[in-house]
Amino acid sequence: MAAGNQGTELDLSWLARVRVNQPAVLRRAEQIQTRRAVKKNWQAAWLLRAVTCIDLTTLSGDDTPSNVCRLCYKAKHPIREDLLQAMNMHDKGITTAAVCVYPARVADAVKALRAANCDIPVASVATGFPAGQTALKTRLEEIRIAVEDGAKEIDVVINRTLVLTGQWEVLFEEIRQFRQACGEAHMKTILGTGELGSLTNVYKASLVAMMAGSDFIKTSTGKEAVNATVPVGLVMVRAIRDFFWRTGYKVGFKPAGGIRTAKDALVWLSLIKEELGDEWLKPELFRLGASSLLADIERQIYHHVTGRYAAYHDLPMA
């Protein structure tokens, strides 16, 4: 991870000056999405970079120690070894960036990764995920429990009511307390952008989260009706850029929810490269929250190597 964001004082005057030009945002987002994608070796290289930025995730009600163990094994071996050897990438240490689970499954993930002799960090969602509507005391305790069980990264979720009602001071203070409860663990703040009402609110919530000390800002929980979209991502990464110019702190970005195809991953990589630069194109500052994305990327790599598409049984989870 990059050096942690120390945060700043809440600057309400900055929030008051925020104006988002929605038509311009939509035009720029359309430009990024419709541009001709990279091909052949370049595409394979970009897809392998995407793999190293994935937070491989399972957030299902039927999660068990066994399927978490399988997920951890896949995180360590995300692409079939023979495919990597064909591209001379078998010795590059390609793994996913992290494994993301519910707090109750953190200990299972830590145990599985330790047994696999793997140092991939475990990330845990917390703070009343996905709605963030439980009592503050409970949300803080959930963070502490996940950290005690071995989580190195905590994905906290904000109470969207505070954004919709303009309670920026309360939101700032809650996120500050989340930051303190995380201790040495890195904190990603989930904004739930599909439920914030406007792009202006997305920008303001991004700024407040970064002022309060978030190491990453994240679009969605994956449980909303609308999750990661390119216009929302564009607004968030420009907030990150503005915050960096003003404070010198580099805050990471994580789109999550609805990112299922290799083509989707290439769009997000292109967005980061063009808006923030190559410095952000690494797992320390960019993550993709996904559960099914890796399967499609591996399928595209299989096609790149063999010239044909794999059957589903050719590329099992583990």
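1. A β-α-β crossover is called right-handed if, with the strands pointing away from the viewer, the path from the first strand over the helix to the second runs clockwise. In this predicted model, β2, helix α6 (residues 106–115) and β3 form a right-handed unit of this kind, where helices (H or I, at least four residues) and strands (E, at least two) are DSSP runs numbered from the N terminus. The chain then passes from β3 through α7 to β4, and this crossover is also right-handed.

2. Local features need pLDDT of at least 70, side-chain atom pairs count only at pLDDT 80 or more, and totals for chains, interfaces and linings use all residues. Residues are numbered from 1 along each chain as its sequence is written, and side-chain values use heavy atoms, with hydrogens and water left out.

3. Strands count as paired if DSSP finds at least two bridges between them. β3 runs parallel to β2, joined by three bridges, with valine 99 opposite valine 122 of β3; β3 also runs parallel to β4 (residues 153–157), joined by four bridges, with valine 125 opposite aspartate 155.

4. Five of the five residues of β3 are buried, so the strand is largely enclosed by the rest of the structure (buried means under 20% relative accessible area, exposed over 50%, partly exposed in between; 1.4 Å probe, protein chains only). Val122, Ser124 and Ala126 point one way, whereas Ala123 and Val125 point the other.

5. The backbone deserves a check at proline 130, in the loop between β3 (122–126) and α7 (136–148), where the peptide bond from phenylalanine 129 is cis, with omega near 5°.
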